[in-house]
Amino acid sequence: MKNRLMMIAITLAASLTSLAASAQPGPGMGGMSGMGPGMAQGNPPRASAQRDCSRALNPAACNAHREARAQAIEACKTNVGPQRRQCLQQQMQNFDCAQAANPQQCESRKIAYKECQSQTGSAFRQCVQQKIPAVDCSKAPNPARCEQHQKARTACQDKLGPEHKACLRQQFNTP
């Protein structure tokens with residue numbers, strides 16, 4: 001009887017221990033209020049993997065953008081929150097548009113950012129969207145696609161964020 005009682009107690013303890021272990025979420029499965037691994041210790045979330053510039057349409061422009069971004073991040077590493085975002089935007093204004101995939105578009109974006117710098121959030125995005133001039137499609141690598149994009153941009157100019165992207169996709173998918 002004593003052996004039988006001991007065997008039941010051991011079996012019960014083992015099953016309860018394994019039950020608690022199986023109820024725990026695995027690494028990267030959430031838990032802890034949606035925090036990722038290491039977040040409970042105060043570690044910041046990891047940045048996404050860098051883009052492989054060798055597979056980009058213009059590897060030189062991709063590498064130039066990556067270098068400019070790395071310099072901006074280094075210059076703004078002491079700032080946090082909105083100050084960091086503003087610092088990064090200011091640092092990216094120093095990007096040399098001659099190395100960009102589309103130098104004309106790069107310059108017009110810089111001008112629009114400068115004109116809209118006093119605004120934030122959706123007002124900033126809408127201001128930039130309105131200030132960027134239409135591109136000269138005759139100089140584009142694919143003039144037909146450029147013309148299609150200009151028409152879509154005009155049709156979607158009153159939308160922002162995900163709605164703007166959805167509108168552009170819809171415009172490109174309609175013949």
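Is the crossing of helix 6 and helix 7 left-handed or right-handed? The crossing of these two helices is right-handed. Keep in mind that you're looking at a predicted model.

Two packed helices are described by the angle between their axes and the distance between the axes. Here, helix 6 and helix 7 pack at an angle of about 135 degrees, and their axes are 9 Å apart. If you want to pick out the residues that make the contact, select R145, Q148, H149, A152, R153 and A155 on the helix 6 side. Their partners in helix 7 are C167, L168, Q171 and F172.

A disulfide joins C156 to C167, with the sulfurs 1.9 Å apart. C156 sits in the loop between helix 6 and helix 7, while C167 is in helix 7 itself, so the bond ties together parts that are 11 residues apart in sequence. The torsion about this S-S bond is about -80 degrees, which makes the disulfide left-handed. Both ends are tucked away: C156 is buried at a relative accessible area of 0%, and C167 counts as buried at 7%.

Now back to helix 6, which runs over residues 143–155 and holds Q150. Is Q150 buried or exposed? Q150 has a relative accessible area of 12%, and because buried means under 20%, Q150 is buried. Leaving aside residues up to four places away in sequence, Q150 touches A134, V135 and C137. For A134, which is 16 residues away along the chain, the C-alpha to C-alpha separation from Q150 is 6.9 Å.

Back to the disulfides. A disulfide is a covalent bond between the sulfur atoms of two cysteines. How many disulfides are there in this model? The count comes to six. Number the bonded cysteines along the chain and the pattern reads 1-2, 3-4, 5-6, 7-8, 9-10, 11-12. Among them is the bond from C53 to C62, with an S to S distance of 2.0 Å. Its torsion about the S-S bond is about -65 degrees, so the C53 to C62 disulfide is left-handed, and both C53 and C62 are buried. Another joins C97 to C106, again with S to S at 2.0 Å. The torsion for C97 and C106 is about -65 degrees, so this disulfide is left-handed too. C97 is buried at 2% relative accessibility, and C106 is buried at 14%.

Last stop, the aromatics. A pair of aromatic rings is described by the distance of the centres and the angle of the planes. The count gives one aromatic pair. The rings belong to Y113 and F124, whose centres are 5.2 Å apart and whose planes meet at 85 degrees, so the pair is edge-to-face. Y113 lies in helix 4 (residues 103–115) and F124 in helix 5 (residues 121–131), so the pair ties together parts 11 residues apart in sequence.

Methods. Residues are numbered from 1 along each chain as its sequence is written. This is a predicted model: local features need pLDDT of at least 70, side-chain atom pairs count only at pLDDT 80 or more; totals for chains, interfaces and linings use all residues. Side-chain values use heavy atoms; hydrogens and water are left out. Helices (H or I, at least four residues) and strands (E, at least two) are DSSP runs, numbered from the N terminus. Buried means under 20% relative accessible area, exposed over 50%, partly exposed in between (1.4 Å probe, protein chains only). Contact means heavy atoms within 4.5 Å. Rings of Phe, Tyr and Trp (its six-membered ring) pair if their centres lie within 6.5 Å; planes under 30 degrees apart count as stacked, over 60 as edge-to-face and the rest as tilted. A disulfide is a pair of cysteine sulfur atoms within 2.5 Å. Axes are lines fitted to C-alpha atoms, for helices over the stretch in contact, and angles run from 0 to 180 degrees between N-to-C directions. A crossing is left-handed if the near helix is turned anticlockwise from the far one by less than a right angle, and right-handed if clockwise.
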